[in-house]
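My entries follow in the order in which I made the searches.

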Amino acid sequence: MAVSNSGQCPLVHSLAKLLRNDGDLVLDGSSTLTLTASSLQQLTRMFEQYLLPRTKQHGFLALPSHPADTASLLQLQFLFDVLQKTVSLKLINPPSVRLQSVVKIFPFKSLKYLELKQIPPH
């Protein structure tokens, strides 16, 4: 996990903080979660590496319990739980960013609305 000097991944920390404060709006569908495609790629890599068993499961995934490993891991678990319940997602991709791999949306088990947006150059 890309961690800062404080031992936390900046993306995980900032997104977890945002969703702890305003996540109810995302979960009830009154607000759309907006992520860059590269941020979602980073999150899904971390989910695959740190949280998910290697078996292929479908439907809502209950994460295995971990003893309070690290603040970053607990925040990652929180994000995974919230993303599974998120109903509306907007993915944006700046024109200057070329994606090196596919964008996986497997964490979004409750997704009803997906918007894909390319940001026009200024």
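The model is predicted, so I noted its limits: local features need pLDDT of at least 70, side-chain atom pairs count only at pLDDT 80 or more, and totals for chains, interfaces and linings use all residues. Residues are numbered from 1 along each chain as its sequence is written, and side-chain values use heavy atoms, with hydrogens and water left out.

Entry: overall layout. I took helices (H or I, at least four residues) and strands (E, at least two) as DSSP runs, numbered from the N terminus. I find 3 helices and 3 strands, in the order α-β-α-α-β-β along the sequence. Of the 122 residues, 34% are buried. I counted a contact as heavy atoms within 4.5 Å. Among contacts between residues at least 6 apart in sequence, 75% join residues at least 24 apart.

Entry: aromatic pair. A pair of aromatic rings is described by the distance of the centres and the angle of the planes. I used rings of Phe, Tyr and Trp (its six-membered ring), paired if their centres lie within 6.5 Å; planes under 30 degrees apart count as stacked, over 60 as edge-to-face and the rest as tilted. The ring centres of F47 and F80 are 4.9 Å apart and the planes stand at 75°, so I logged the pair as edge-to-face. F47 belongs to helix α2 and F80 to helix α3 (residues 71-85), and the two are 33 residues apart, so this pair links distant parts of the chain. F47 counts as buried because its relative accessibility is 0%. F80 is buried too, with a relative accessible area of 0%.

Entry: I looked up V82, which lies in helix α3 and is buried at a relative accessible area of 7%. Not counting residues up to four places away in sequence, V82 touches L19 and L27. From V82 to A16 I read 9.2 Å, C-alpha to C-alpha, across 66 residues of sequence.

Entry: salt bridge. My criterion was a side-chain nitrogen of Lys or Arg within 4 Å of a carboxyl oxygen of Asp or Glu. The search of the whole structure gives 1 salt bridge. K104 forms a salt bridge with E48, with 2.8 Å between the closest N and O atoms. K104 is in the loop between β2 and β3 (113-118) and E48 is in helix α2 (residues 37-51), 56 residues apart.

Entry: strand β2. N93 is found in strand β2 (residues 88-93). N93 counts as buried because its relative accessibility is 13%. Leaving aside neighbours within four places in sequence, N93 is in contact with A37, L99, K117, Q118 and I119.

Entry: strand β3. I placed L116 in strand β3. L116 counts as exposed because its relative accessibility is 64%.

Key: Buried < 20%, exposed > 50% of the residue type's maximum accessible area, 1.4 Å probe, protein only.
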